[in-house]
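Student: I am new to this structure. Please pick a single part and take me through it closely, step by step.

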Amino acid sequence: MLETVKYLIGSAGASGYGSKSTAEQVSESCGDLSSITAIITGATSGIGAETALVLAKRGARLVLPARSLKAAEEAKARIVSECPESEIFVMSLDLSSLTSVRNFVSEFESLDLPLSLLINNAGKFTHEHAISEDGVEMTFATNYLGHFLLTKLLLNRLIETAKKTGVQGRILNVSSSIHGWFSGDLIRYLGLITRDKSHYDATRAYALSKLANVLHTKELAWRLKQMEANVTVNCVHPGIVRTRLTREREGFVTDLVFFLASKLLKTIPQAAATSCYVATHPRLLNVSGKYFADCNEATTSKLGSNSSEAVRLWSASEIMVSRDPKAVFNPLNALF
């Protein structure tokens with residue numbers, strides 16, 4: 001009850017910020033970001049677009065990958081209209097396709113740019129059961145697996161840039177408190193909904209993908225520490241906000257629900273605040289493997305803090321993104 005009250009009134013936490021803080025407010029302490037190159041997925045609208053705009057205002061060079069180049073160009077134009085000096089690259093990326101992810105990384109590497117910030121923000125809520133071209137349930141493929149491979153392929157560039165510049169690299173995974181709605185065997189459930197649509201539940205599938213983002217953060221933080229890499233990774237819950245994620249359910253009922261819940265909803269600038277805080281604030285130097293909500297460190301679900309599950313998911317993910325024809329992912333295999 002107390003936490004709800006704090007949320008509603010926007011009470012500041014230990015960071016000095018709270019649920020009512022905006023992205024611009026929390027990034028005031030980050031200084032000039034002109035030495036930073038940032039890749040932001042899902043930056044054509046909503047939280048991602050606001051995050052990109054705020055980073056551009058602070059001087060960061062931006063790479064905006066998107067399925068729709070037209071939407072990305074429009075997002076770029078909106079940013080440039082406010083920040084004429086911005087350096088922005090628009091590139092093609094469909095996170096549900098592992099081939100597209102690899103092509104994007106190859107194209108990015110051909111630009112020979114440094115990379116200090118990777119924000120895995122894009123998200124999809126698939127109401128109808130669908131399978132990606134790689135044979136994986138679509139919500140999981142888009143929200144988690146594509147980002148897993150993207151991060152894996154860009155990791156060396158992040159580490160190299162940090163070594164050359166002395167500026168700590170940061171990776172940010174946008175998750176959700178909905179990750180706590182999933183319980184059970186995540187690998188087995190993924191197998192079930194991938195093979196048989198009768199087991200598919202859109203909300204549970206979304207919760208699974210967001211739990212995977214949390215577990216990815218936990219395991220990657222441990223691996224980066226073992227590598228002694230000057231790169232951190234954290235994940236965030238942006239809060240409840242109306243974005244294009246609900247676009248497949250527009251209508252009177254949806255509009256009514258959001259109207260009635262308006263006191264609990266964040267504005268887009270407020271929803272982007274936690275991402276901008278974790279991505280830029282000097283206070284988070286060397287902070288890694290944490291989960292943030294309302295610009296303050298928060299607690300994940302019990303399953304989200306399970307190290308064994310994080311390792312298990314990582315192993316399964318490596319197989320799913322492998323190009324080795326002998327590597328076959330079997331969700332029901334006891335090994336995983």
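Tutor: Start with helix H7, whose buried residues pack against H6, helix H8 (202-227) and H12. The model is predicted, so local features need pLDDT of at least 70 and side-chain atom pairs pLDDT 80 or more, while totals for chains, interfaces and linings use all residues. Residues are numbered from 1 along each chain as its sequence is written, and side-chain values use heavy atoms, without hydrogens and water. Helices (H or I, at least four residues) and strands (E, at least two) are DSSP runs, numbered from the N terminus.

H7 covers residues 186-195. Its buried residues are Leu 186, Ile 187, Tyr 189, Leu 190, Gly 191 and Ile 193. Buried means under 20% relative accessible area, exposed over 50%, and partly exposed in between, with a 1.4 Å probe and protein chains only. Asp 185 caps the N-terminal end of H7. One of its side-chain oxygens sits 3.1 Å from the backbone nitrogen of Ile 187. That is a polar contact: N or O atoms within 3.5 Å, one able to donate a hydrogen and the other to accept it within protein, with residues adjacent in sequence counted only if both atoms are side-chain atoms.

Two packed helices are described by the angle between their axes and the distance between the axes. Axes are lines fitted to C-alpha atoms, for helices over the stretch in contact, and angles run from 0 to 180 degrees between N-to-C directions. Contact means heavy atoms within 4.5 Å.

Take H6 with H8. Their axes come within 8 Å and cross at roughly 15°. That makes H6 roughly parallel to H8. Angles under 35 degrees count as roughly parallel, over 145 as roughly antiparallel, 65 to 115 as roughly perpendicular and the rest as oblique. On the H6 side, residues including Phe 140, Tyr 144 and Phe 148 make the contact. On H8, Leu 208, His 216 and Leu 220 are among them. By class, there are 12 nonpolar, 6 polar and 1 charged residues. Ala, Val, Leu, Ile, Met, Phe, Trp, Tyr, Cys and Pro count as nonpolar, Asp, Glu, Lys and Arg as charged, and the others, Gly among them, as polar.

H12 meets H6 as well. Here the axes come within 11 Å and cross at roughly 85°. That makes H6 roughly perpendicular to H12. Phe 140, Tyr 144, Leu 145, Phe 148 and Lys 152 of H6 touch Leu 313, Trp 314, Ser 317, Glu 318 and Met 320 of H12. This contact has 7 nonpolar, 1 polar and 2 charged residues.

Look at Phe 148 in H6. At 1% relative accessibility, Phe 148 is buried. Beyond its neighbours within four places in sequence, it contacts His 216, Trp 314, Ser 317, Glu 318 and Val 321.

Not counting residues up to four places away in sequence, Ser 301 touches His 179, Gly 180 and Leu 211.
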